[in-house]
Amino acid sequence: MRQEVLLEARVRNELKKNKTDKMRRTGIVPAVVYKKGLGAIPLSLSVKDMEKALHTSAGGNVIISLSVTENGKAANKTVIIKEIQYDPLKGNLLHVDFNEISLTEMLKVGVPVEAKGEAAGVKDGGILEHILWEVEIECLPTQIPEKIEADISGLKIGDSLHVKDLRVPEGARILNDPELTIMSVKPPLVEKVAEVVPGAEITEPEVIREKKEEKEEEKSPEEKG
């Protein structure tokens, strides 16, 4: 069973931008937890704790046991990360959206696809092209795989691996089109060299030839002779 990460948060009452900016400067990040049919709850939590949760092997699909404190009372919620916003320049964590989930209900998540092994075609000089980096699967929260490995060892030059070729854990289902290409092995790039035909007459550029003709016309009859 996938391990849950514990995370503490507080209900956030101050929603103005200047207040949230001040929070961020003190190591606190604003967040929101959504529950279907019940709206959203604004939260605040530690940036360090959030980054620690993200650095687990599950990454963005980590299941979080969120302890939410309001008016001195704590309530536990099981959540999964919906979206994370980062500062485009500094890379700092700006905001986190959570979805509250049930461990007994199916959900849809994106899971990364990684190549396993070395393609036979690559050994022969081909180039591996990774086209689809993530697939969407439906499963219980406790069955979310950290990644899906695609065995490419049998791919020769010109071969492709498709969604239908992937293997997922029992109880999980891939939602993408089965015919979508995940990876393929392309032929090696061949640099074309212009062929020189023996005995072929080398023609001077038109501009140079015109200049030579002009000089010939400028010469006197004696000079031409």
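Modeller: Arg25 belongs to helix H1, which spans residues 17-25, where helices (H or I, at least four residues) and strands (E, at least two) are DSSP runs numbered from the N terminus. The model is a predicted one, in which local features need pLDDT of at least 70 and side-chain atom pairs count only at pLDDT 80 or more, whereas totals for chains, interfaces and linings use all residues. Residues are numbered from 1 along each chain as its sequence is written, and side-chain values use heavy atoms, with hydrogens and water left out.

Arg25 counts as exposed because its relative accessibility is 65%; buried means under 20% relative accessible area, exposed over 50%, and partly exposed in between (1.4 Å probe, protein chains only).

The C-alpha atom of Arg24 is 8.3 Å from that of Val47, and the two residues are 23 residues apart along the chain.

Turning to the salt bridges (a side-chain nitrogen of Lys or Arg within 4 Å of a carboxyl oxygen of Asp or Glu), the count by this rule comes to 8. In one of them, the side chains of Lys147 and Glu114 meet at 3.3 Å, N to O. Lys147 sits in the loop between S9 and strand S10 (148-151) and Glu114 in strand S7 (residues 107-116), so this pair ties together parts that are 33 residues apart in sequence. Lys147 is partly exposed, with a relative accessible area of 36%, and for Glu114, which is partly exposed, the value is 36%. Lys147 forms a salt bridge with Glu149 as well, with 3.9 Å between the closest N and O atoms, and Glu149 is partly exposed at a relative accessible area of 42%.

The side chains of Glu129 and Lys186 form another salt bridge, at 3.9 Å, N to O. This pair links distant parts of the chain, 57 residues apart, with Glu129 in strand S8 (residues 127-130) and Lys186 in strand S13 (residues 181-186). Glu129 is partly exposed, with a relative accessible area of 34%, and Lys186 is partly exposed, with 39%. Salt bridges that share partners also join Lys35, Lys77 and Glu100 into one network.

Glu138, in strand S9 (residues 134-139), counts as buried because its relative accessibility is 18%. The side chain of Glu138 makes a polar contact with the side chain of Arg173 at 2.7 Å; a polar contact is a pair of N or O atoms within 3.5 Å, of which, within protein, one must be able to donate a hydrogen and the other to accept it, and residues adjacent in sequence count only if both atoms are side-chain atoms.
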